[in-house]
Amino acid sequence: MTDPEPPADLPGWFEPLLTQVRHAEAAEFTRLPTPDGEGRRQSAVLILFGEQPESGPDILVLQRAATMRNHAGQPAFPGGAVDPGDADTIACALREAEEEVGLDPRTVEVVATLPTLWIPVSNFLVTPVLAWWRTPHPVGPADPAEVARVERLPIRDLVDPAHRLRLRHPSGWIGPAFRIHDMLVWGFTAGVLSTLLELGGWAVDWPTGRVEELPTPGAAPVP
């Protein structure tokens, strides 16, 4: 898929990230090689960058409802499986964001797609779609049974060392995480966020030796 031409008025802070992601490879986001698509579901997520006067650049995330069968209570980017009616993964990401948080696709400028990544637990091949929120508007859970909340996480808070840690999964896997805005962001979402902060030149040194155990489902969050 050929990435669209970025808009001429893209904010200056976005340019370094866009330059880097055009040459990025899957290995920069995951240690797992991406298999072929046979027997695996294609999906997409929308990584939507916006900006607010009081807090600067930010990224939109949602938190899944605690009652969901899969990924209950877990923060994530808007997204899901490609439907037969989707023209491509970009169309899928925009459709899912509209269905999940009420995003108006007309307010968004897609600027790039990232390498397709494999999520073994669901056997999905996920294409992250990078976009600029040209005209932000109020968003929120379109269906509370699926989405509990929607947040715009400022980059300045994401790179704050006080909000960063690593989590150990019961399987032994250890990966980056963020404890921010009363959410614990981990797994695929945290891994992609961590890499984007590095590629954008925003990341600062943080205590990588701070390793915690992944809380069991339903456990009270650690402050």
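This report describes the confidence, strand pairing, aromatic pairs and nonpolar cores of a predicted model.

## Basis and confidence

In this predicted model, local features are given at a pLDDT of at least 70 and side-chain atom pairs count only at pLDDT 80 or more, while totals for chains, interfaces and linings use all residues. Residues are numbered from 1 along each chain as its sequence is written, and side-chain values rest on heavy atoms, with hydrogens and water left out.

The pLDDT, which is the predictor's confidence in each residue on a scale from 0 to 100, has a mean of 90 over the chain, and 93% of the residues reach 70 or more.

## Strand β1 and its partners

Helices (H or I, at least four residues) and strands (E, at least two) are DSSP runs numbered from the N terminus, and two strands pair if DSSP finds at least two bridges between them. Strand β1 (residues 41-52) pairs in the parallel sense with β7 (residues 124-133) over nine bridges, and in this pairing L46 stands opposite V129.

Two antiparallel pairings also involve β1. Three bridges join β1 to β4 (residues 79-81), with A44 opposite G80, and four bridges join β1 to β2 (residues 56-64), with E51 opposite P57. Strands β1 and β2 form a hairpin with three residues between them.

## The sheet of four strands

An open sheet of mixed pairing is formed by four strands in the order β11-β10-β9-β12. Strands β11 (183-185) and β12 (211-213) stand at the edges with a single partner strand each, so one side of each is left without a neighbour in the sheet. From one strand to the next, the twist averages 40°.

Within this sheet, β9 (residues 164-168) and β10 (residues 174-180) pair in the antiparallel sense over five bridges, and R166 of the pairing stands opposite P176 in β10. Helix α4 (residues 187-199) lies across β9, β10 and β11 and runs at about 85° to β10, where axes are lines fitted to C-alpha atoms, for helices over the stretch in contact, and angles run from 0 to 180 degrees between N-to-C directions.

## Aromatic pairs

Rings of Phe, Tyr and Trp (its six-membered ring) pair if their centres lie within 6.5 Å, and planes under 30 degrees apart count as stacked, over 60 as edge-to-face and the rest as tilted. A search of the whole structure finds six aromatic pairs. One of them is the stacked pair of W13 and F14, at 5.4 Å centre to centre with 15° between the planes.

The rings of F49 and W202 have their centres 6.0 Å apart and their planes at 40°, so this pair is tilted. Because F49 lies in β1 and W202 in the loop between α4 and β12, the pair ties together parts that are 153 residues apart in sequence. W13, F14, F49, W132 and W202 form one aromatic cluster.

## Nonpolar cores

A nonpolar core is a set of buried Ala, Val, Leu, Ile, Met, Phe, Trp, Tyr and Cys residues joined through side-chain atoms within 4.5 Å; buried means under 20% relative accessible area, exposed over 50% and partly exposed in between (1.4 Å probe, protein chains only). Of the 37 residues in the largest core, F14, L17, V21, I47, F49, L130 and L196 touch the most other members, and α4 gives the most to this core, with six residues. A second, separate core of 20 residues includes A44, L62, L103 and V129.

Methods: Contact means heavy atoms within 4.5 Å.
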